[in-house]
Amino acid sequence: MTTPKPTKVLNAAIVGCGEVAQVVWLPSLSVASYHFNVTALCDVSKQSLELCSKRFNVPRTYDSVSSMLASDTPIDIVFVLHKDQLHARDTIACADAGKHVFLEKPMAQTEAEADAIEAARVKNKVVIFIGYMRRYATALEVLKKAIHGKTIKYVRVRDIIGNNRYFTSESGMHQEYFSDHPADAGKEIQKLTESNLIENLGPESLKDSRNLHSFSLLGSLGSHDLSAMRDVIGMPEKCLVATRTAGDDGNCWWWSALFDYNGFKAYYEMAIDEVAFFDAHIEVYTNDTRVKVQYDTPYVKGLPIKVTIQKQLPDGGGYSEETIRPTFVDPYTLERNELYDAVVNGKDYKTKPLDAKNDIKLAKMIMNALVD
């Protein structure tokens, strides 16, 4: 992959200087200096700001989005990477200030928030690009081409991964975690989480203490594979049944669900365990072909995302198995390039707010089909 010729450089601000900023976006934007120049950092943690400011040579720091937007710092695009519950509020504020936005998944927690983000995108004529990096993997397009025109019989979607710390600790980015957050920040997040759950599932949902974590997990880890599933086979007609299993901490880390499509079923599995192995894949079965995309952790650059195609050869030619690694370029880099083209060149992109709204619908569909 050659370095592009210097063109327009976008001034970028980072909101949220935690794990994904330190491991992915600040390093990625730094090496893509021909496209991006990080001009501002924003976080409620003074320690996070100090670390990232020194490490990535970004002197301008802010403790609120409002103060950042009111400053004279040049900003073309804002990367919103902080708590899910604050995504809608701060994305809309940035769009209203005329800034493009890259918004890490999950975009929002309620359908009303999704609609408000879309309205801000349209009103302000800005790009609001939702960060589903798995959907920009070249391997996913290979899978879609391989099943094109075939009748799908069954689909398996799995995302059973080890805790992120196993992978981030070996990413070479030397990330650090801080807890110097204002006391009222945690209270605000808790309040928003509860009100969003009530909006999605009704006041009765708060009676089960597992539901707050469950809905958040479906939006965070779950939205990766649910979004990729939609990209390949569209939205299901309904969720027939869903199950979850609580861990020792009372939170439900193990999930399964069965989706009903017109003519086939899709089985979905999700979990976070304590094994340093990343088992995330989508496998599509037709009568004569099985096609599987296997993802590896995106936190370690250069690990291949591969496609395996198994099929019967015509005229009794036997069984064939082919493994394709279309590129070693990681999905975050591919996604970053698509983002740049969307902002600078007006290229259309598939991860808009109304697309991401469908993952909120799927999370609600799963929760409503739970058999505990």
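**Figure 1. Arg165 and its salt-bridge partner Glu274 in the predicted model.** Arg165 is partly exposed, with a relative accessibility of 42%. Its side chain meets that of Glu274 in a salt bridge, with an N to O distance of 2.6 Å. The pair links distant parts of the chain, 109 residues apart. Arg165 belongs to helix α7 (residues 164–168), whereas Glu274 sits in the loop between β10 (264–273) and β11 (278–286). Glu274 is also partly exposed, its relative accessible area being 48%.

**Figure 2. The salt bridge between Asp355 and Arg230.** The closest N and O atoms of the two residues are 3.1 Å apart. Asp355 and Arg230 are both buried.

**Figure 3. A network of salt bridges that includes Asp355 and Arg230.**

**Figure 4. The salt bridge between Lys265 and Asp260.** The side chains of Lys265 and Asp260 meet at 3.5 Å, N to O. Lys265 counts as partly exposed, at 34% relative accessibility. Asp260 has a relative accessibility of 13% and therefore counts as buried, the cut-off being under 20%. In the whole structure, a search finds 32 salt bridges.

Key:
Residues numbered from 1 in each chain as written. Predicted model: local features only at pLDDT ≥ 70, side-chain atom pairs only at ≥ 80, totals over all residues. Heavy atoms only, no water. Salt bridge = Lys/Arg side-chain N within 4 Å of Asp/Glu carboxyl O. Helix = DSSP H or I, 4+ residues; strand = E, 2+ residues; numbered from the N terminus. Buried < 20%, exposed > 50% of the residue type's maximum accessible area, 1.4 Å probe, protein only.
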